[in-house]
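This report goes through selected features of one protein model. Please have the sequence and the coordinates at hand while reading.

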Amino acid sequence: MRIIDHFVAGGGLAPATRPDVGRWGDVFDPNLGEVQARVPLGDAAVLEAAVQAALGAQPAWAATNPQRRARVMFRFKELVEQNIDALAHMLSVEHGKVLADSKGDIQRGLEVIEFACGIPHLLKGEYTQGAGPGIDVCSMRTPLGIGAGITPFNFPAMIPMWMFGVAIACGNAFILKPSERDPSVPVRLAELMLEAGAPEGILQVVHGDKEMVDAILDHPAIKAVSFVGSSDIAHYVYRRGVEAGKRVQAMGGAKNHGIVMPDADLDQVVADLAGAAFGSAGERCMALPVVVPVGDKTADALRSKLIPAIAALRVGVSTDTGAHYGPVVNAAHKQRVENWIRTGVDEGAELVVDGRGFTLQGHEKGFFIGPTLFDRVTPDMSAYKEEIFGPVLQIVRAPDFETAVRLPSQHQYGNGVAIFTRNGHAAREFAARVEVGMVGINVPIPVPVAYHSFGGWKRSGFGDHNQHGMEGVRFWTRVKTVTQRWPDGPSPERGAEDGAAARVQDAFVIPTMG
Ligand code: NAD
């Protein structure tokens, strides 16, 4: 059986001799429903080895000038591009998303690496000459030391790169704890970072579950933690990390709505929804699992176009280039999604297309779920309130625009939202009023580009800073402000004799610059 080992500088953690030898996780091939590898579930001892290596490496890395750090990022980007086919294959057979989607996962991460290549410019500080008599003030962004990232299974390339790309470019060492469900790509990325010229100990990968996460949250040498995953765990990580005195950003779950106004181009909406609701089997935090047509006429027309579009979707193995989407990540998740479909039926929603019981010849044990469509879902249903994270689309009919603004605004999650319309005024009004962090106007999955920043509101995000863009630079650095005076003998305004007495007197007054 293949072992996916920790990637900790200095070695010495061979699986057979590690103290955590007793605890392992299974990594499945979701196409076959079979275990394909095992991953050690590490503990505080494994983390300690990584922290010690990071402490050894970080000061010299922080002292490396930012152009040199940027050059490592440029080389890393090139190496990932050279290896993208192999990485995408590795990702598809552990996660279950199709190859084109895996490449997209890697590509979106690389865009953050491109952003991080500009670190010399991004870290330039602020300077005020003459803030007072002979006094200059400068503010500089300095690295925090060691940062850690805890990432979910659904973007095993992009989300680690969101975090370590910016953190490392800023001069920090970074310890990544990827999802134990698909840990191979993160390890490969760390190998490529080393090959690109990052010193040993600057990017390390430790595997594990809650025990490792708690060890990270409690370790005093780790100054900042970035988390992405489900909301309850995000909230827990946020609280425990902050209590331990760390800087924490914790992104949580989502239930994104797509508002369809009566003037929308319905054919375009249906094409967009097919990808946004069912792509990657719905396992995206920016998926659109809820569609809100405004008015019954819009709802009926949309529904009649959605049914044949869903019938045309091809569910297949993740390496089949003709498939629209592949299996979900594991058996427990498949069960969970199917339970939500049952709950939706029990709660009185109309099941229009039922994806349960879907099988693929030759892959009968694979974790496949067919596309599922519900109509007449209402806000009081738990299947509406909670995240399903599967290939399930729910139609929630809204009588008017006001209801369409209210639904996503009052939902517990506030990650992304989209409105489809030809009316600029309605779109502008919607974007201004809706209580959600990322808004798309005729854009179904409004994931911001790397030089803007990614983050949701309400239970979709805890903490003050978003991911990447300048928000990322702010998260991974702290500001030091230096106020300096370089006196050249006694003050010119005073005679030499009374200068000393005046200086003593001045020292008892809170200085003002004006
Ligand atoms: P998850 O919360 O189960 O796991 C995320 C991370 O937390 C993993 O590394 C996991 O090992 C760790 N973890 C699991 N249980 C833990 C516990 N009890 N205590 C401490 N740590 C624990 O999430 P997932 O299933 O891997 O990912 C899917 C979720 O992530 C969805 O809710 C999705 O919406 C969300 N997500 C959010 C964003 C965003 O930016 N808002 C992006 C991607 C995914």
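Predicted model: local features only at pLDDT ≥ 70, side-chain atom pairs only at ≥ 80, totals over all residues.

An open sheet is built from six strands in the order 8-7-6-9-10-20, and the pairing is mixed. Strand 8 (203-205) and strand 20 (461-462) are at the edges. Each has a single partner strand, so one side of each is left without a neighbour in the sheet. Helix 1 (residues 44-63) packs on this sheet and touches strand 6 (146-150), strand 7 (173-177), strand 8 and strand 9. The direction of helix 1 makes about 160 degrees with that of strand 7.

Strands of a sheet pair through backbone hydrogen bonds, in either a parallel or an antiparallel way. Strand 9 (residues 222-228) and strand 10 (residues 247-251) run parallel and are joined by five bridges. Ala224 has Arg247 of strand 10 opposite.

## Aromatic pairs

The structure contains nine aromatic pairs. In one of them, Phe28 and Phe367 have ring centres 5.7 Å apart. Their planes are at 70 degrees, and a pair with planes over 60 degrees apart counts as edge-to-face, so this pair is edge-to-face. The two residues are 339 residues apart, with Phe28 in strand 2 (residues 24-29) and Phe367 in the loop between strand 13 (350-353) and strand 14. Phe28 is partly exposed, at a relative accessible area of 24%, whereas Phe367 is buried, at 6%.

Trp162 and Phe454 make a tilted pair, with 4.5 Å from centre to centre and 40 degrees between the planes. This pair also links distant parts of the chain, 292 residues apart. Trp162 belongs to helix 6 (residues 158-169), and Phe454 to the loop between strand 18 (438-441) and strand 19 (457-458). Trp162 has a relative accessible area of 3% and is buried; Phe454 is likewise buried, at 3%.

## Ring cluster and a charge over a ring

Phe76, Phe164, Phe174, Phe475 and Trp476 are linked into a cluster by ring pairs. As for charge and ring, Lys97 lies over the face of Phe155, 3.9 Å from the ring centre.

Thr372 is located in strand 14 (residues 372-375). Is Thr372 buried or exposed? The relative accessible area of Thr372 is 0%, so Thr372 counts as buried.

Neighbours within four places in sequence aside, the contacts of Thr372 are Phe278, Ile341, Leu351, Val353, Asp354, Gly355, Pro391, Val392 and Leu393.

Definitions and conventions: Residues numbered from 1 in each chain as written. Heavy atoms only, no water. Helix = DSSP H or I, 4+ residues; strand = E, 2+ residues; numbered from the N terminus. Buried < 20%, exposed > 50% of the residue type's maximum accessible area, 1.4 Å probe, protein only. Contact = heavy atoms within 4.5 Å. Pairing = 2+ DSSP bridges. Axes fitted to C-alpha atoms, helices over the stretch in contact; angles between N-to-C directions. Phe/Tyr/Trp six-rings, centres within 6.5 Å; stacked < 30°, edge-to-face > 60°. Lys NZ or Arg CZ within 6 Å of the ring centre and 35° of its normal.
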